Amino acid sequence: GMIAKLSAENRILISLLPKTLTRDEIKTWLDGLRQLSSVTVLYEIGAAKSDGLATGIAVKYFKEQGVNANGTDVAAVVKELRLAAASRHDYITGLDT
């Protein structure tokens with residue numbers, strides 16, 4: 001199912017390391033979290049008190065995944081996601097949309 005497909009994709013992505021993710025790839029990874037039952041990371045990013053704290057959560061997530069993502073790029077994407085979420089409220093309240 002979905003999880004098997006994702007882990008296969010992750011294996012492919014990880015096989016391409018140590019390439020650093022582009023901003024688009026960072027956004028794709030974070031957007032992809034919406035499809036998973038575990039949307040905790042995304043929720044935490046949306047709910048964090050500041051962009052800085054949200055970025056920290058995202059950076060930690062990428063580290064745990066063993067993925068190289070530039071902090072500046074992650075910060076930019078996180079800020080963009082949080083702005084979009086604030087205008088739509090979907091990252092926090094509408095995770096099922």
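Reply: The cut-offs are under 20% relative accessible area for buried, over 50% for exposed, and partly exposed in between, with a 1.4 Å probe and protein chains only. This is a predicted model, in which local features need pLDDT of at least 70 and side-chain atom pairs count only at pLDDT 80 or more, while totals for chains, interfaces and linings use all residues. Residues are numbered from 1 along each chain as its sequence is written, and side-chain values use heavy atoms, with hydrogens and water left out.

Me: How should I read a salt bridge, and how many does the structure hold?
Reply: Side chains of opposite charge can pair when their charged atoms come close. The criterion is a side-chain nitrogen of Lys or Arg within 4 Å of a carboxyl oxygen of Asp or Glu. The structure holds four salt bridges. One of them joins Asp-73 and Arg-23, with the closest N and O atoms 2.7 Å apart. This pair links distant parts of the chain, since Asp-73 belongs to helix H5 and Arg-23 to helix H2, 50 residues apart. Arg-23 is partly exposed, at a relative accessible area of 40%.

Me: With which residue does Arg-82 form a salt bridge, and which parts does the pair tie together?
Reply: Arg-82 is bridged to Asp-51, and their closest N and O atoms are 2.6 Å apart. Arg-82 lies in helix H5 and Asp-51 in helix H4, so the pair ties together parts that are 31 residues apart in sequence. Arg-82 is buried, with a relative accessible area of 16%, whereas Asp-51 is partly exposed at 28%.

Me: What separates Lys-60 and Glu-64 in helix H4?
Reply: An α-helix has 3.6 residues a turn, so residues three or four places apart point the same way. Lys-60 and Glu-64 are four residues apart in helix H4, and are therefore separated by about one helical turn. They form a salt bridge with closest N and O atoms 3.0 Å apart. Lys-60 is exposed at 52% relative accessibility, and Glu-64 is exposed at 53%.

Me: How are aromatic pairs judged, and how many does a search of the whole structure find?
Reply: Rings of Phe, Tyr and Trp (its six-membered ring) pair if their centres lie within 6.5 Å; planes under 30 degrees apart count as stacked, over 60 as edge-to-face and the rest as tilted. The search finds three aromatic pairs. For Trp-29 and Phe-62, the ring centres are 6.0 Å apart and the planes meet at 65°, so the pair is edge-to-face. Trp-29 lies in helix H2 (residues 23-32) and Phe-62 in helix H4, so this pair ties together parts that are 33 residues apart in sequence. Both Trp-29 and Phe-62 are buried. Ring pairs link Trp-29, Tyr-61 and Phe-62 into a cluster.

Me: Which residues of the largest nonpolar core touch the most other members?
Reply: A nonpolar core is a set of buried Ala, Val, Leu, Ile, Met, Phe, Trp, Tyr and Cys residues joined through side-chain atoms within 4.5 Å. The largest has 18 residues, of which Ile-26, Leu-30, Ile-45, Tyr-61, Phe-62 and Val-78 touch the most other members. H2, H3, H4 and H5 each supply at least two residues of this core. Leu-30, not counting residues up to four places away, touches Leu-42, Ile-45, Tyr-61, Phe-62, Val-77, Val-78 and Leu-81.

Me: Where is confidence lowest and where is confidence highest?
Reply: pLDDT is the predictor's confidence in each residue, from 0 to 100. The protein has a mean pLDDT of 80, and 75% of its residues reach 70 or more. Confidence is lowest in helix H1 (residues 2-15), at a mean of 70, and highest in H4, at 93. Over residues 93-97 pLDDT stays under 50. Where pLDDT is low, the predicted coordinates should not be read in detail.

Technical notes
Contact means heavy atoms within 4.5 Å.
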